[in-house]
Structure formats: C-alpha cells, structure tokens
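I opened the model and kept notes as I went. The entries below follow the order in which I looked things up.

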Amino acid sequence: MSTEDLRIVWIYPDLLSTYGDRGNMLILAARAQARGIPVETIEVRSDQHLPDSADLYLIGGGEDGPQALAAQRLNADGGLHRAVARGSVVFAVCAGYQLLGTSFFAKGAKYPGLSLLDLESDRGPSRAVGELHGVIDPRLGLPPLSGFENHGGRTHLGPGVSPLAQVTTGIGNDGTSEGAWRGNMLGTYSHGPALSRNPALADLLLRWATGAAYLPPLDDSWAERLRQERQLAVQP
Amino acid sequence: MPLRAKVASSVSRTAAALSRAAGRGDGSVIGGWIGLKIDPELLAHLAQGRSVALISGTNGKTTTTKLTVAALEGLGRVATNAFGANMPTGHTSALAKAGATPYAVLEVDEHYLARVLDETRPRAVALLNLSRDQLDRAKEVAMMAQMWRDALAHHPGVHVVANADDPMVTWAAQRSSNVTWFSAGQRWHDDSWVCPECGGAIQRAGGDWRCTTCPLRRPRPHWVVEEDGVFDPSGAWHQVKLQLPGTVNIGNAATALAVAAQFGVRPADAVLRLASVTSVAGRYAQVERDGRLIRLLLAKNPASWLEAFDMAEAAPTLLSINARDPDGLDTSWLFDVDFSPLYGRRVLITGDRAYDLAVRLQVNGIPFEHVTTFTDAVDAVPPGRLEVIANYTAFQDIRAELDRVN
C-alpha cells in the first residue's frame with residue numbers, strides 16, 4: 001500500500017452482526033485515520049458480490065441460520081478465497097471464525113465451511129458465556145487477550161494453524177486454547193467488538209494490512225483502564 | 001373460584017403485604033410465587049371472568065401497558081402489573097391483589113407469552129417489536145418470533161394487535177385469523193434484514209418492507225402514526241397529547257388505542273385519557289435537585305437507545321451503564337448504538353461499566369467526562385436541565401439515589 005486508501009470490507013453485516021460486530025470496523029478505521037492513513041470502509045451485504053481487492057476483511061458473529069447462509073454464499077462467491085490468495089488480512093469473530101474452518105454445526109446439522117483455516121467446529125456440552133482471557137502466542141508479540149465469549153460451539157485445530165492464545169479464563173476453542181491464526185488470517189471466540197479491549201491486536205491487523213513495520217502509539221488509556229478492570233474482575 | 005384457588009389467592013396477597021411491610025420490595029413477585037406453589041393453576045383461576053389484554057415485545061411494554069390501562073379505565077376497574085413484574089408470578093400477584101375486576105391489562109415478558117396466553121385466555125394481545133436484548137442469555141430474535149408464532153397457533157380466537165413495521169412481529173402474527181396491524185415507524189432495523197420465513201433478504205424503502213424472495217411483505221396497517229397523532233381504521237385522525245416524550249410513545253399510544261378498540265372503547269374517548277399518564281415506573285420522571293431539572297430515561301438495548309436520543313433535549317447528558325445480571329453481562333451492544341446524536345452536547349459518563357462506554361465514545365469521536373457517582377454528575381453541571389440515560393440497574397440505582405434525597 002502506498003498512496004492508496006486502506007480498504008476494509010465488512011462481510012455480510014445483514015447476516016453476521018449480532019453483538020456489536022460493527023465495532024471492529026469502526027475501531028480499525030479510527031486507529032488508521034489517527035495515523036493519517038486514509039481509510040475506505042465497505043459494507044458488503046449477502047446479496048452483493050464480494051470484492052477481492054480489499055486489504056482487510058472482517059467477519060462477525062451470528063445466529064445459526066444466517067451463519068449457514070453466509071457459508072453457502074461466500075463459497076459460491078469465491079471473492080474471499082481470491083482475496084486470501086492475494087494475501088489480504090482476515091479477522092473473524094465467533095460464528096465468522098467457525099466459518100473459516102472446514103466444517104461447523106448449525107441448527108443440528110454439519111455444514112461445509114470455507115476451508116481457509118485448518119480447523120473444524122462442533123457442538124460443545126454447554127454454552128460458553130462469560131469473560132474470555134488468555135495469553136497470546138508470543139510470536140505475535142501482543143499483551144494478553146481480553147474479551148467476552150458467547151457460543152455453543154467447540155473448535156478443534158489441525159496442524160495447519162496455531163492457537164491464538166492459551167486460555168486463562170473462559171472456554172475459547174475447548175477450555176485450553178482459544179482462536180487460531182495462520183499467515184494474515186486470525187480468528188477468535190472473543191466476540192463482537194473484540195478489538196475494543198485489544199487495541200494492540202487492532203494495530204497488528206493494521207500493520208499486516210498496510211505493511212507498516214511501525215505505527216505511532218495512540219492514547220489508549222481508557223482501553224487500558226478497561227483491560228485492567230476486566231482483569232481484576234476475573235481474578236479469583 | 002375453587003377453594004384451593006381462594007386459599008392460594010388469599011395467601012398470595014398476605015405474602016405480598018408481608019414482603020412490602022418487611023421492606024423487601026413491592027411484593028409483586030413473592031406473593032405470586034407462593035400462590036402458584038399452593039395452586040399451580042391460580043393464574044388461570046384468577047383470570048377467569050375478566051376480559052384480559054396482554055402486551056408483549058422487546059421495548060415499550062411497560063409504557064404501552066400503562067397507556068392501555070388508562071384507555072380502558074373508562075369502562076371499569078382494571079387490574080394490572082404496573083411495577084413491571086412481567087412473568088407469571090407477577091401476573092398472579094397483580095390479579096390476586098386487585099380482587100375482582102372486569103378488566104386486566106398485563107405486561108408479559110416475551111419469553112412467557114405462550115404460557116400466559118394459555119392461562120389467561122386474553123381477548124387481545126399486542127405484539128410491539130422484537131430486537132436484540134441481553135443476548136448473553138435471551139433467546140435469539142428469530143427463535144423468539146418462532147415461539148410467538150407457535151403460541152398464537154394454539155389460540156385462533158385471540159385478537160392480535162401487531163406491528164406491521166417489524167418483519168419479525170409480522171411473521172409471528174401473520175397466520176392468526178384476527179389481526180389488527182399498526183404502523184408506528186421503527187428506527188432500529190438491524191435484526192430484521194433476513195426473512196424469518198425463507199432466509200431471503202428483506203428490502204426496505206421508506207416505511208415499506210418486503211422479502212425479495214418470498215411473499216412475506218409489510219401488511220397494510222389499520223392504525224397509522226403520523227406526526228403527533230394517529231389515523232384509526234376509519235381514516236379519522238386523532239391528535240395524541242401525552243405527558244411522555246418522544247415519537248416512540250406516540251406509537252405506544254396508537255397501540256393502546258388499537259387494543260382499547262377491541263374492548264369497545266372509541267379512540268376519540270380513549271385518546272383523552274392517555275394524557276393522564278405522567279411517568280411509567282419512574283421513567284420519564286422529572287426530579288429537581290439543587291436547581292438541576294433531572295429527567296430519567298431508561299434505555300436497555302440498541303433499539304431503545306435510539307429512541308432515548310430522540311427524547312432527550314439538547315442539554316448536558318449523563319450516560320450510566322452497568323452490566324449486572326438483569327442488564328446482561330455483555331456490553332458489546334454499545335457498538336451497535338451510534339452515539340453521534342449526542343455530538344455537541346456535554347456528555348458525562350458513569351456506572352459499573354463506564355470504561356466500556358468511554359472506549360465506545362472515543363471511537364465515536366464524542367468528548368466526555370467520567371464521574372464516579374451520580375452526585376458528582378449533578379455537581380458538575382450548571383443549574384438547568386440534566387438528561388440521564390441509563391440501562392436497567394443503573395437506572396434503578398439513580399432512582400434510589402433520588403428517592404433517598406427527595
């Protein structure tokens with residue numbers, strides 16, 4: 001990226017936006033603009049063609065029916081697969097994270113996913129609802145993950161991906177690991193506006209998308225207070 | 001009433017009175033709980049012989065219930081659960097406490113609609129809207145619409161008063177043989193982009209909506225809100241003068257008029273009675289403290305925040321957010337709300353989860369000040385109006401604080 005805008009696509013907000021998922025797009029755009037990076041945000045509805053030329057793609061959480069529909073349409077469209085082949089960044093949350101794998105469960109049936117990440121999801125014994133905290137893969141160089149989860153699925157990682165974090169509070173993938181990443185794709189069960197509590201993760205996605213080795217720091221004192229408050233709230 | 005029900009009803013009233021006397025709340029839950037333990041069919045027994053209206057939906061049910069009571073009171077005494085205790089224990093307690101009344105208007109939590117329909121055999125049921133609300137524990141919106149649709153299928157005789165502007169409500173009510181449709185406009189659309197019938201995309205244009213792949217579409221409404229009044233089914237327009245703020249309450253008033261019409265109340269008569277409603281369980285109430293005219297608005301979920309911004313005047317505004325059990329533990333919804341209507345106002349924030357709100361407002365580009373207590377907020381603003389918008393337990397905290405001093 002040089003003089004061109006940073007293009008962020010939010011995939012199917014009509015289907016996958018249940019828990020403030022818009023937040024991730026707003027946060028990324030605000031943090032890029034604060035560094036003087038011009039941004040274009042594009043919301044692509046499920047009845048529209050998905051452009052494959054954007055820098056960063058966001059997929060949010062959703063109910064079972066819309067999740068299955070989104071998988072079907074994304075596979076038929078092929079735009080996201082082409083974008084990933086070009087090296088675009090993908091950040092996926094909750095149902096969107098499950099979609100990236102080879103298969104997932106919705107409405108009691110198994111559906112094929114997008115097969116962009118080596119993982120598959122099934123149903124867990126109970127719904128995972130509550131704070132989700134973890135120590136992030138040291139190779140990503142990030143402070144601990146802080147979030148909230150609400151999902152019925154469990155996700156099993158294959159050898160082709162690495163866990164995003166090791167769980168310290170909550171369930172994540174299976175009570176031990178949480179989320180997954182590979183290359184420029186990253187998924188998490190920390191749902192909704194996951195980046196609101198994880199500004200460093202937001203900046204990692206921006207660095208991946210822009211190729212910038214360094215982004216000047218922003219005033220994250222409110223996010224920092226929020227992180228500390230949630231950390232204290234989950235301490236035994 | 002069978003003897004068992006009489007005993008249960010009497011014990012229920014006594015328990016409620018004891019609970020009140022002991023300062024343990026208004027007794028509207030405990031009384032009903034004990035009564036139902038003695039006679040599980042107590043609610044059905046208490047409802048017998050009354051003409052009942054039920055009011056349900058995600059937002060506006062307490063206000064619409066109160067407006068409907070006001071509209072029906074010209075006919076005779078009306079029993080109601082005015083304290084917002086909207087589950088069967090609350091209904092049981094309300095009816096036991098009211099004694100014999102010809103009418104009852106009950107606010108019903110949307111999860112309990114099927115059961116309360118079965119037990120109270122209402123003459124009319126009003127379905128206001130369905131949107132995301134406390135999703136960490138509540139049923140997803142589409143599932144709730146399905147539950148309503150199934151429940152109504154068991155009650156072909158009930159008259160349904162339903163919101164034609166809400167695709168989820170329309171689909172839930174659509175198969176009933178007896179529906180009065182109302183149109184009150186809707187600010188919040190983000191839970192109804194997908195057709196509940198076929199999964200196709202819902203298309204909106206102006207106030208109209210339709211599914212792009214199946215026949216589901218907005219029905220022609222019989223009652224239509226326009227400006228500060230409502231058209232009735234005969235085409236006559238009635239100005240609605242309320243002491244409650246906001247266009248959303250004109251819509252709630254229209255719903256109350258449509259329900260009252262099912263009981264034979266003419267809208268021209270009913271509409272005058274609506275102006276008697278001043279505050280609803282402390283909401284919209286204005287309190288003066290140290291020269292500050294404080295108004296409390298409750299906003300529980302994204303749809304009701306949009307309505308609250310519409311009601312609030314351009315004055316200093318305090319936002320208070322908690323995430324305790326009754327609120328839902330998840331604050332993600334803050335990012336579903338666009339706070340930009342507050343831009344240019346002085347904004348103060350407080351509450352258990354003020355930091356979540358701080359991060360949200362920062363992204364929204366809205367300057368704010370954080371205060372640790374409600375009293376600090378009052379001290380921080382000059383004499384004059386202070387608008388307070390809070391979610392459920394934050395609202396209760398501020399109410400208690402104001403009651404304590406005033």
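**Entry 1: chain A overall.** I took the radius of gyration over C-alpha atoms, and for the globule rule I used 2.2 Å times the number of residues to the power 0.38. For 236 residues a compact globule would have a radius of gyration near 18 Å, and chain A has 16 Å, which agrees. The model is predicted: local features need pLDDT of at least 70, side-chain atom pairs count only at pLDDT 80 or more, and totals for chains, interfaces and linings use all residues. Residues are numbered from 1 along each chain as its sequence is written, while chains are lettered from A and ligands numbered from 1 in the order in which they are written.

I then looked at the extent of chain A. Its C-alpha trace spans about 50 × 45 × 30 Å along the principal axes. I counted helices (H or I, at least four residues) and strands (E, at least two) as DSSP runs, numbered from the N terminus. Chain A has 6 helices and 11 strands.

Burial came next. I call a residue buried if 20 or more other C-beta atoms lie within 10 Å of its own, exposed if 12 or fewer, and partly exposed in between, with C-beta atoms placed from the backbone. Of the 236 residues in chain A, 55% are buried. For contacts I required C-beta atoms, placed from the backbone, to lie within 7 Å. Among chain A contacts between residues at least 6 apart in sequence, 70% join residues at least 24 apart.

**Entry 2: the annotated active site.** Which residues does the UniProt annotation "active site" cover? The unreviewed entry gives A:Cys94 and A:His191. They span 98 residues in sequence, yet no two of their C-alpha atoms are more than 5.6 Å apart, so they gather at one spot. I note that UniProt positions are in the numbering used here, that feature names are shortened, and that annotations may be inferred rather than shown by experiment.

I found A:Cys94 in the loop between β4 (89-93) and α4 (95-99) of chain A. It has 27 C-beta neighbours inside 10 Å and counts as buried. Setting aside residues up to four places away in sequence, A:Cys94 touches A:Gly61, A:His151, A:Tyr189 and A:His191.

I found A:His191 in the loop between β11 (185-188) and α5 (199-210) of chain A. Buried or exposed, then, is A:His191? A:His191 counts as buried, with 27 C-beta neighbours inside 10 Å. Its contacts, leaving aside neighbours within four places in sequence, include A:Tyr19, A:Gly61, A:Cys94 and, from chain B, B:Ser332.

**Entry 3: the annotated binding site.** The unreviewed UniProt entry places a "binding site" at A:Arg127. I located A:Arg127 in strand β7 (residues 119-136) of chain A. With 15 C-beta neighbours inside 10 Å, A:Arg127 counts as partly exposed.

**Entry 4: a sheet in chain B.** I treated two strands as paired if DSSP finds at least two bridges between them. In chain B, 6 strands form an open sheet with mixed pairing, in the order β12-β13-β17-β14-β15-β16. The edge strands are β12 (286-289) and β16 (369-370), and each pairs on one side only.

I followed β14 of chain B. Strand β14 (residues 317-320) pairs with β17 (residues 384-390) in the parallel sense over 4 bridges. Here B:Leu319 stands opposite B:Ile389, and B:Ser320 stands opposite B:Ala390. β14(B) also runs parallel to β15(B), joined by 4 bridges. On that side B:Thr317 stands opposite B:Val347.

Where do the β14(B) side chains point? B:Thr317 and B:Leu319 point one way, B:Leu318 and B:Ser320 the other way, and all are buried. In a regular strand the side chains alternate between the two faces of the sheet.

**Entry 5: the contact between the chains.** The contact takes 23 residues from chain B and 30 residues from chain A. On the side of chain B that touches chain A, α12(B) gives the most, with 6 residues. That side of chain B divides into 13 nonpolar, 3 polar and 7 charged residues. I counted Ala, Val, Leu, Ile, Met, Phe, Trp, Tyr, Cys and Pro as nonpolar, Asp, Glu, Lys and Arg as charged, and the others, Gly among them, as polar.

Note on methods
Contact = placed C-beta atoms within 7 Å.
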